[in-house]
Amino acid sequence: MAGNPRSQVDQESDQAGSFANPAESVEGRGVAEGNPNQDATSRMQGRSDVPQALERVRQAAKRDKELRFTALLHHVYTIEALMEAYFTLKREAAPGVDGVTWKDYGEHLLENLQNLAERLKRGAYQAMPGRRVYIPKADGRQRPLGVIALEDKLVQKATTRVLNAIYETDFLGFSYGFRPGRSQHDALDALYVGQLKKKVNWVLDADIRGFFDAIDREWLMRFIKHRIADRRIHRLIQKWLKAGVLEDGEVRQTDRGTVQGGSISPLLANIYLHYALDLWVQQWRTRHAKGDVIIVRYADDFIVGFQHKHEAEQFLSALKERLAKFKLELHPDKTRLIEFGPRAAKNRAAQGMGKPETFDFLGFTHICHKTSRGWFTVLRQTIRKRLTAKLSEVKEGLRRRLHEPISRVGEWLKAVVGGHMRYYGVPMNWEALYRFRFQTARLWWRSMNRRSQKRGMPWRRMKSLIDRFLPAAKFTHPYPLERFGVGTRGKSPVR
């Protein structure tokens with residue numbers, strides 16, 4: 001910063017990128033004169049040309065980890081790229097400050113996209129502020145989101161697609177959040193497999209306080225410049241960061257964080273944590289850990305498992321210092337180091353400390369458990385607060401649909417219960433699945449009995465409706481060892 005010919009941001013940014021094995025090194029990148037193996041593409045690419053062009057970008061990024069890409073924007077402002085982004089948007093999504101819906105924009109789609117592409121090409125495109133809304137969280141608090149304008153969504157989608165071609169070759173295997181081809185269940189499976197296949201006796205359940213609001217933009221742009229040398233992309237990202245949010249009729253600007261709600265925000269978050277956290281974790285366990293260390297990260301929520309307690313304590317202390325360098329801190333109430341593993345129950349019983357503690361991750365409470373044969377396993381059950389909150393949503397939804405046709409209400413409940421089963425239907429979670437379906441059926445019956453002042457709905461008829469519309473409680477996911485073993489082909493899911 002001031003008084004230093006080479007700013008602290010430059011030095012620390014290089015340091016952040018240096019904590020990788022040789023194949024993942026990101027230190028010492030120079031500006032390339034051009035992007036090798038990237039053929040010049042026409043301004044009106046065919047549909048088959050677009051993925052081929054991005055595949056060449058991906059291959060170049062994979063081949064040279066020090067390559068900085070100098071020409072990327074032309075992949076964003078093609079009509080084909082913007083049109084593909086348009087058709088991936090949610091059609092019923094709420095409009096941003098511009099008031100333009102998906103349907104409105106599509107009435108003159110080609111004309112609108114041509115106009116947008118021309119503005120992008122000339123540098124005349126301007127980002128609009130996001131419209132601030134709040135959605136309830138499972139713990140009762142409110143999560144702020146920014147509903148962005150439709151054209152901003154289009155450009156962010158197209159830009160994210162291009163940048164993913166580069167960063168998906170850089171991101172580490174234990175990073176799962178908001179990445180193409182990776183889901184929450186991939187992260188859950190990886191954690192399960194790591195706990196059973198590695199010697200894990202202690203678990204650090206970590207959460208970064210207000211991460212999306214705490215991101216330091218100067219650091220973020222420095223990290224991006226490790227790979228992206230196209231200044232037009234830099235300006236595009238800065239326009240989104242500086243657009244602000246509209247709340248109570250006033251546009252509010254901040255000098256930190258990213259607006260949650262845009263499709264570019266998860267990618268920017270992953271870039272930030274890749275350099276600030278992931279590469280450092282990789283380096284720390286290689287240099288300092290003698291026992292097994294596993295990590296699974298989904299956005300700013302991550303779990304680290306350790307074989308030895310003293311190494312877990314050393315890591316936690318070093319982690320706090322590491323995050324502080326990048327203006328981040330662990331949430332004191334959501335970050336815990338607990339004894340968890342095959343020996344936890346016996347050790348705690350010997351000390352008169354009761355059952356092993358549990359931890360929550362991605363909607364599930366993880367519990368030390370034993371199979372019928374006495375082998376250690378991890379029992380994953382729906383977080384009780386999540387289950388209660390979802391049933392409250394069902395109750396409120398039934399109240400709003402009190403006078404709708406029975407078949408329409410049944411179809412809605414079918415979608416709700418089916419979605420719940422598809423996410424929470426993991427092995428050994430039977431009790432919570434059955435409870436959710438049973439309580440949903442009970443709430444529906446109570447609602448049916450309120451539809452009129454006449455005689456209530458007979459149970460025999462109600463049961464036929466339940467059997468007709470509500471999917472049965474069932475497991476929709478295989479055992480992690482079975483699925484993840486195939487998906488990773490023997491590679492470690494957590495290293």
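The following questions and answers look at a pair of helices and at one strand in a predicted model.

Reader: How are the helices α9 and α11 oriented to each other, given that their axes cross at roughly 85°?

Author: Two packed helices are described by the angle between their axes and the distance between the axes. For α9, residues 217–224, and α11, residues 264–287, the axes come within 9 Å and cross at roughly 85°. Angles of 65 to 115 degrees count as roughly perpendicular, and α9 and α11 are therefore roughly perpendicular to each other.

Reader: Which kind of residue, nonpolar, polar or charged, makes up the contact of α9 with α11?

Author: From α9, the residues W219, L220, F223 and I224 take part, and they meet L268, I271, Y272, Y275 and A276 in α11. When the residues of this contact are divided by kind, none is polar, none is charged and nine are nonpolar.

Reader: Is strand β3 largely enclosed by the rest of the structure or exposed, and why?

Author: In β3, W202, L204 and A206 point one way while V203, D205 and D207 point the other way, and all are buried. Because six of the six residues of this strand, 202–207, are buried, β3 is largely enclosed by the rest of the structure.

Reader: Which residue of β7 stands opposite W202?

Author: Strand β3 pairs with β7, residues 301–306, in the antiparallel sense over six bridges. Within β7, the residue opposite W202 is F306.

Reader: Which residue of β8 stands opposite V203?

Author: Strand β3 also pairs in the antiparallel sense with β8, residues 336–339, over four bridges. In β8, the residue that stands opposite V203 is I338.

Technical notes:
Residues are numbered from 1 along each chain as its sequence is written. This is a predicted model: local features need pLDDT of at least 70, side-chain atom pairs count only at pLDDT 80 or more; totals for chains, interfaces and linings use all residues. Side-chain values use heavy atoms; hydrogens and water are left out. Axes are lines fitted to C-alpha atoms, for helices over the stretch in contact, and angles run from 0 to 180 degrees between N-to-C directions. Helices (H or I, at least four residues) and strands (E, at least two) are DSSP runs, numbered from the N terminus. Angles under 35 degrees count as roughly parallel, over 145 as roughly antiparallel, 65 to 115 as roughly perpendicular and the rest as oblique. Contact means heavy atoms within 4.5 Å. Ala, Val, Leu, Ile, Met, Phe, Trp, Tyr, Cys and Pro count as nonpolar, Asp, Glu, Lys and Arg as charged, and the others, Gly among them, as polar. Buried means under 20% relative accessible area, exposed over 50%, partly exposed in between (1.4 Å probe, protein chains only). Two strands pair if DSSP finds at least two bridges between them.
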